[in-house]
Amino acid sequence: HVVGKLDELKQDVISRIDTVDGKLDDLNKLLEKVITSTSFLFAVKLQAYSAILSSIRSNFPASKCIDGNTGNFCHTSKEKYPWLALDLGKSVRVSSVTIYNRDDGNRQDCCGQRLQDLEIRISDNLPTTPASESFKGGSKLGFFEGPGENGEVIEMFSKPLAGRYVVLMNNSKGRHGADFLNLAEVTCMGYS
C-alpha cells in the first residue's frame, strides 16, 4: 500500500514539474513577444548615408528618398524587380522602417497604387542580381501587399535585424510584368 502511495506521489510531482516547465516555456515565449513588440520604444532614428536605386528614371535619383522631404521622390525605370537600398554606413540593428509613398499633390490619380508587393530586407550586401531577378539576401523585415495610396505612410516593425543595408524591392514575381518603384521618403529606426 505504501509503494502505491509513493508511486502516486511520484506521478503527482512529475506532473507538477511538467506543468511548471510548460508554464516557463509559455512565459519565455511571452517575454520574447514583449521584447520584440516593444523594442522600437528604445530605438533611435538611423541615418542613411546614401541610397542606391536599381535604375534611375529621369531626374529622380535615390537621394530624394533620404533627403527628409516628402514632397519629392525617387523613381526607377520600369523593371521586373525594381529596388531601393539605403546604406546605413555600417552594420546596425534595424527594428522598424517607415515608407512615405509618393504623393503628387494636385494629381490625385498618380501613382500611389504602384506601391505593392514591397519586400523589405535587412542585409550586409547590396543586390548584385539584375532587377530582372529577385533579391533574397539578408533577413526579411516585412512585406507590404498594397496597393498603396497617394501619400500613404507605411510602418513595418520587426525584432531587430542586423545589417548595413535596408533593401526595398517590388517583389511581384513578374505578376504585373514590369513596374516602377517610386517613393517619397524612407526612414528607419534601430540601434547602432
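Trainee: Which residue forms a salt bridge with D87?
Mentor: R164 does, and the closest N and O atoms are 2.7 Å apart. A salt bridge here is a side-chain nitrogen of Lys or Arg within 4 Å of a carboxyl oxygen of Asp or Glu. The pair links distant parts of the chain: R164 lies in strand β7 (residues 153-170), D87 in strand β4, and they are 77 residues apart.

Trainee: Before we go on, what am I looking at, and how are residues numbered?
Mentor: This is a predicted model, where local features need pLDDT of at least 70 and side-chain atom pairs count only at pLDDT 80 or more, while totals for chains, interfaces and linings use all residues. Residues are numbered from 1 along each chain as its sequence is written, and side-chain values use heavy atoms, with hydrogens and water left out.

Trainee: Back to that pair. Is D87 buried or exposed?
Mentor: D87 counts as buried, because its relative accessibility is 9%. Buried means under 20% relative accessible area, exposed means over 50%, and partly exposed is in between (1.4 Å probe, protein chains only). R164 has 29%, so it counts as partly exposed.

Trainee: How many salt bridges are there by this rule?
Mentor: The count is 3. E119 forms a salt bridge with R121, with the closest N and O atoms 2.8 Å apart. E119 also forms one with K136, at 3.8 Å. That pair links distant parts of the chain, with E119 in strand β5 (residues 118-123) and K136 in the loop between β5 and β6 (139-144), 17 residues apart.

Trainee: So what do E119, R121 and K136 make together?
Mentor: A network of salt bridges links them. E119 and R121 are both buried. For E119, the relative accessibility is 4%.

Trainee: New topic. How many helices and strands does the protein have?
Mentor: There are 1 helix and 8 strands. Along the sequence, the pattern reads α-β-β-β-β-β-β-β-β. Helices (H or I, at least four residues) and strands (E, at least two) are DSSP runs, numbered from the N terminus.

Trainee: Which strands pair with β8?
Mentor: Strands pair if DSSP finds at least two bridges between them. β4 (residues 83-101) pairs with β8 in the antiparallel sense over 8 bridges. There, T98 stands opposite T187 in β8. β1 (residues 44-46) is also antiparallel to β8, over 3 bridges. The bridge partner of L46 is C188 in β8. β3 (residues 74-75) pairs with β8 in the antiparallel sense over 2 bridges, and C74 has L183 in β8 as its bridge partner.

Trainee: And the surface? Which residues form a nonpolar patch there?
Mentor: L24, L27 and L30 do, with about 270 Å² of accessible area together. L27 sits in helix α1 (residues 2-38). It counts as partly exposed because its relative accessibility is 43%. Patch residues have over 30% relative accessible area and no salt bridge; like charges are joined within 9 Å, nonpolar side chains (Val, Leu, Ile, Met, Phe, Trp, Tyr) within 5 Å. Accessible areas come from the Shrake-Rupley method with a 1.4 Å probe, and for residues only the protein chains shown count as cover.

Trainee: Last one. What share of the protein's residues is buried?
Mentor: Of its 192 residues, 41% count as buried.
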